[in-house]
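Subject: Structure handover

Dear colleague,

Please find below the structure that I am handing over to you. My notes on it follow directly after.

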Amino acid sequence: NKNTAWRIIEGEGVLVDVDGGNMIHLNETAAEIWSFLDKNRTVSELVDHICETFDVEDDIAKRDAMELLEKFLEAGIAECHNKA
């Protein structure tokens with residue numbers, strides 16, 4: 001979402017919803033996911049990146065990524081775009 005400002009500070013993320021004024025703190029893993037999403041990648045690319053970065057199994061990475069992405073979408077701080 002273009003109205004979400006963010007910074008990575010010492011490995012952790014801070015997101016600010018400019019419109020709503022809400023602030024969200026992200027742990028290291030969530031911050032890595034958020035910064036990867038800024039590059040407009042697919043969920044499949046995200047899962048591959050998580051597996052490589054954190055040495056985690058594919059099914060666990062996919063489950064955890066989907067849960068976090070749902071939270072981002074529900075909070076209105078991210079948007080989903082389909083790639084053709």
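In the hairpin of S1 and S2, 2 residues lie between the strands, and Glu10 takes a positive phi near 50°. The strands and helices named here are DSSP runs numbered from the N terminus (helices are H or I with at least four residues, strands E with at least two). S1 and S2 (residues 12–17) run antiparallel and are joined by 6 bridges; two strands pair if DSSP finds at least two bridges between them. Gly13 in S2 is the bridge partner of Ile8.

This is a predicted model, in which local features need pLDDT of at least 70 and side-chain atom pairs count only at pLDDT 80 or more, while totals for chains, interfaces and linings use all residues. Residues are numbered from 1 along each chain as its sequence is written, and side-chain values use heavy atoms, with hydrogens and water left out.

Pockets

A pocket is an open set of points on a 1 Å grid over the protein atoms alone, where a 1.4 Å probe fits, with protein on both sides within 12 Å along at least five of seven lines; its lining residues have an atom within 4 Å of a point. Grid points are joined across faces, edges and corners, and a volume is the space filled by probe spheres set on the points.

The largest pocket holds about 750 Å³ of space. It is lined by 23 residues, of which Leu37, Asn40, Ala78, Glu79 and His81 are the closest to its centre. Strand S1 (4–9), helix H1 (28–37) and helix H3 (58–75) each give two or more residues to this lining, and H3 gives the most, with 5 residues. By class, the lining has 11 nonpolar, 6 polar and 6 charged residues (nonpolar: Ala, Val, Leu, Ile, Met, Phe, Trp, Tyr, Cys and Pro; charged: Asp, Glu, Lys and Arg; polar: the others, Gly among them).

The second largest pocket holds about 180 Å³ of space. Of its 13 lining residues, Thr29, Ile33, Asp64, Ala65 and Leu68 lie nearest the centre. H1, helix H2 (43–54) and H3 each give two or more residues here, with H3 again giving the most, at 7 residues. The lining has 9 nonpolar, 1 polar and 3 charged residues.

Cysteines

The structure holds 0 disulfides (pairs of cysteine sulfur atoms within 2.5 Å). The sulfur of Cys80 is 20 Å from the closest cysteine sulfur, in Cys51, which is too far for a bond. Cys51 counts as buried at 19% relative accessibility, whereas Cys80 counts as exposed at 58% (buried is under 20% relative accessible area, exposed over 50%, partly exposed in between, with a 1.4 Å probe and protein chains only).

Yours sincerely
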